[in-house]
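Have the model open alongside the text.

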Amino acid sequence: MKEDNCLHAALICLAMLYYSHAITTEKLNHARPSLHGHHEKGKEGQVLHRSKRGWVWNQFFVIEEYTGPDPVLVGRLHSDIDSGDGNIKYILSGEGAGIIFVIDDKSGNIHATKTLDREERAQYTLTAQAVDRNTNRPLEPPSEFIVKVQDINDNPPEFLHENYHANVPERSNVGTSVIQVTASDADDPTYGNSAKLVYSILEGQPYFSVEAQTGIIRTALPNMDREAKEEYHVVIQAKDMGGHMGGLSGTTKVTITLTDVNDNPPKFPQSVYQMSVSEAAVPGEEVGRVKAKDPDIGENGLVAYSIIDGDGMDMFEITTDYETQEGVVKLKKLLDFETKKSYSLKVEAANVHIDPKFISNGPFKDTVTVKISVEDADEPPVFLKPSYIFEVQENAASGTVVGKVHAKDPDAANSAIRYSIDRHTDLERYFTINAEDGNIKTIKALDREEIAWHNISVFAVEVHKQHQEAKVPVAIKVVDVNDNAPKFAAAYEAFVCENARSNQQFITISADDKDDSANGPRFIFSLPPEIIHNPNFTLRDNRDNTASVLVRREGFSRQKQDLYLLPIVISDGGLPPMSSTNTLTIRVCGCDSNGSLLSCNAEAYILNAGLSTGALIAILACIVILLVIVVLFVTLKRQKKEPLIVFEEEDVRENIITYDDEGGGEEDTEAFDIATLQNPDGINGFIPRKDIKPEYQYMPRPGLRPAPNSVDVDDFINTRIQEADNDPTAPPYDSIQIYGYEGRGSVAGSLSSLESATTDSDLDYDYLQNWGPRFKKLADLYGSKDTFDDDS
């Protein structure tokens with residue numbers, strides 16, 4: 001701190017000396033003769049006028065961070081016209097004027113009132129002017145000057161990052177560049193050594209070093225091993241003032257990690273591995289694992305395993321598990337404990353990637369011995385063959401031997417074996433097997449034409465260990481025997497024209513045989529011996545399993561005979577051969593001159609010529625379905641039929657009919673039609689039709705209506721029928737006509753009130769009193785009425 005204060009004092013002294021020199025220079029200028037109005041000749045005779053400055057001062061300086069008790073004197077302004085009588089007033093303006101810098105308006109002295117920081121602002125531009133104190137008239141033109149803040153070493157160096165991270169390969173040579181760290185100093189680099197930095201290492205020796213001027217960190221020791229130590233922490237210092245005493249400093253931490261190189265070969269931790277595997281293991285099953293340790297990491301630590309020697313190279317294989325870096329020993333082939341009980345392998349582990357720089361550290365591989373013992377397992381029986389194929393002739397007698405299967409116990413115990421047939425594969429039970437020796441026999445006769453191959457399965461089970469069983473497929477071929485005679489290949493029906501020519505071929509036939517090809521073709525076609533000289537037709541064997549039928553004569557007639565039956569004998573090529581007689585139906589038909597068929601007598605032929613039986617059945621079925629649909633439609637239509645009388649308006653008021661007519665009695669057949677009560681329109685004798693609109697209204701003809709007193713009922717009914725038939729407004733369907741005609745001379749007489757009210761005597765009901773007490777009330781009612789009428 002004392003050193004800093006001394007430095008500040010020295011700087012102040014230097015500034016004051018500089019200021020004194022400026023004042024002296026200014027006075028000398030004042031002592032000089034005035035240059036106002038002095039003329040000089042310029043180029044081409046031009047006269048130049050040079051004005052002498054009224055005041056003179058140099059650039060001012062002020063030291064930053066000054067903490068003295070009094071304001072710092074920055075400098076003094078003085079004009080050559082200032083005579084010292086106080087009439088001149090000095091004015092200061094510009095950056096910081098009046099706040100940071102103040103001026104004595106009489107003497108012109110400038111002071112700094114605040115502590116300045118060069119790192120915040122390095123200089124200030126101010127403007128000075130001398131004016132008359134009384135009138136404020138400028139005496140000198142304004143002039144600018146600069147106040148520079150003088151730097152001191154008040155800022156320590158700072159690194160760009162607080163912590164750095166870097167990597168360098170292990171076993172790098174001495175001087176290998178690791179990283180460059182950089183610090184900065186806020187002080188003025190152009191003034192003194194305040195910003196001159198020097199780097200040094202505080203922690204991290206003797207492994208690393210740093211260049212003093214550049215900050216580059218380098219390795220300092222050779223063969224640094226990552227496997228021994230992977231991470232280093234280094235502290236770097238940056239100091240200003242060129243590293244001299246009194247300078248300020250800053251530090252940063254650098255974490256340096258050694259990256260891996262392949263400098264270590266893989267090593268097995270032991271020389272021999274012991275493994276075991278059951279003889280029942282299947283190929284691909286894992287037997288065991290080995291691992292060679294490699295301290296390197298990443299691709300430098302990748303290890304590949306291989307079998308390079310041993311008697312088990314053909315029985316085992318090894319693969320690499322790159323996730324665990326282990327060698328996986330797997331079974332390659334089936335083992336047999338009874339054959340070989342142990343194996344030996346020589347396994348090698350080698351690095352996948354090798355760095356040529358460290359090849360001298362090799363070899364980068366290692367070997368180990370793997371011994372594998374085979375464990376005995378309780379194995380199921382084993383058949384001598386993976387499958388069996390036997391043959392047996394069809395129609396062989398029951399008990400015929402088909403073949404023999406054989407299995408054995410692979411274990412040392414060699415248990416007895418029992419055989420059986422899987423009945424799921426022989427549901428019809430065609431075969432049986434001897435449980436002790438494995439002989440397969442037939443139970444019933446076989447038919448090749450029904451089943452040509454029988455595929456069954458046979459079980460072999462140990463006697464003392466029922467859970468140990470084996471299964472083998474057995475295929476039994478049924479050998480063909482010529483036991484089927486050939487027949488027509490199709491249901492032939494031939495047609496011959498009436499005008500057919502002699503020796504004309506009209507059909508080609510072929511044969512079919514259910515037997516195997518060895519007992520079938522070639523087929524031989526012939527006519528029976530008794531008709532070999534048939535006068536109508538002849539047969540020609542084409543020797544290609546077909547035969548042609550030819551016409552032997554001309555002049556066939558349908559009227560004489562329209563159907564011929566020709567027997568044909570077909571023999572096969574088996575030993576012994578078999579034959580059959582097949583009948584060919586030949587119909588005589590009419591043909592045109594070109595031989596095209598026109599018609600035949602047979603009705604079946606005509607139908608076939610037009611439509612097939614299936615087509616006819618389909619057509620008939622469609623017709624029946626259509627008829628059923630029509631019947632259903634008509635039935636539904638009748639059920640949903642609306643009433644014949646149409647009401648133009650449904651109004652409840654129009655449904656009430658007032659009718660005062662009491663009728664004309666039993667003999668009145670034309671009194672009132674009840675239909676009028678149902679349809680008001682019927683009063684006028686007009687009933688509208690629903691289906692058609694009548695062109696004119698029907699008016700009943702009077703001449704057709706019979707007299708009420710007619711006794712001829714037949715005439716009455718006929719008249720009504722004629723009337724209905726001639727009525728165009730009548731419904732177009734049959735209707736029920738109701739006639740209330742009972743004839744004349746009724747014993748009961750007329751009940752009509754219209755006829756009984758002819759005279760007053762007819763209204764006398766006094767006789768009701770004679771009917772007994774039950775009618776007394778009725779007689780009183782009517783009797784009182786009559787009395788009332790008489791009195792009136």
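The torsion about the S-S bond of cysteine 497 and cysteine 591 is about -80°, so this disulfide is left-handed. (A disulfide here is a pair of cysteine sulfur atoms within 2.5 Å.) The two ends sit in distant parts of the chain: cysteine 497 is in strand β36 (residues 493-497) and cysteine 591 in strand β42 (residues 579-591), 94 residues apart. Helices (H or I, at least four residues) and strands (E, at least two) are DSSP runs, numbered from the N terminus.

Before going further, a word on what you're looking at. This is a predicted model, in which local features need pLDDT of at least 70 and side-chain atom pairs count only at pLDDT 80 or more, while totals for chains, interfaces and linings use all residues. Residues are numbered from 1 along each chain as its sequence is written, and side-chain values use heavy atoms, with hydrogens and water left out.

**The disulfides**

How many disulfides does the structure hold? There are two. The other one joins cysteine 589 to cysteine 600, and with a torsion of about 105° about its S-S bond it comes out right-handed. Cysteine 589 belongs to strand β42 and cysteine 600 to strand β43 (residues 597-600), eleven residues apart. Number the bonded cysteines in sequence order and the pairing reads 1-3, 2-4.

Are these cysteines buried or exposed? Buried means under 20% relative accessible area, exposed over 50%, and partly exposed in between (1.4 Å probe, protein chains only). Cysteine 497 is buried at 14%, and cysteine 591 is buried at 15%. Cysteine 589 is buried at 0%, and cysteine 600 is buried at 4%. Cysteine 622, by contrast, is partly exposed, with a relative accessible area of 45%.

**The chain as a whole**

Stepping back, the protein chain has seven helices and 43 strands. Of its 792 residues, 33% count as buried. It exposes about 48900 Å², with carbon and sulfur atoms supplying 53% of that; the areas come from the Shrake-Rupley method with a 1.4 Å probe, and for residues only the protein chains shown count as cover. Take contacts (heavy atoms within 4.5 Å) between residues at least 6 apart in sequence, and 65% of them join residues at least 24 apart.

**Salt bridges**

The structure holds 17 salt bridges, each being a side-chain nitrogen of Lys or Arg within 4 Å of a carboxyl oxygen of Asp or Glu. Here are some of them:

| Aspartate 225 | Arginine 171 | 3.7 Å |

Aspartate 311 is partly exposed at 45%, and lysine 340 is partly exposed at 31%. In the arginine 218 pair, arginine 218 is partly exposed at 26% and glutamate 211 is partly exposed at 29%. Elsewhere, Glu286, Arg289, Asp321 and Glu326 are linked in a salt-bridge network.

Glutamate 170 lies in the loop between β11 (163-169) and β12 (177-180).

**A nonpolar patch**

Last stop: Tyr767, Trp771, Phe775, Leu778, Leu781 and Tyr782 make a nonpolar surface patch of about 580 Å². Patches are made of residues with over 30% relative accessible area and no salt bridge, where like charges are joined within 9 Å and nonpolar side chains (Val, Leu, Ile, Met, Phe, Trp, Tyr) within 5 Å. Phenylalanine 775 is in the loop between α6 (753-756) and α7 (776-791), and counts as partly exposed at 33% relative accessibility.
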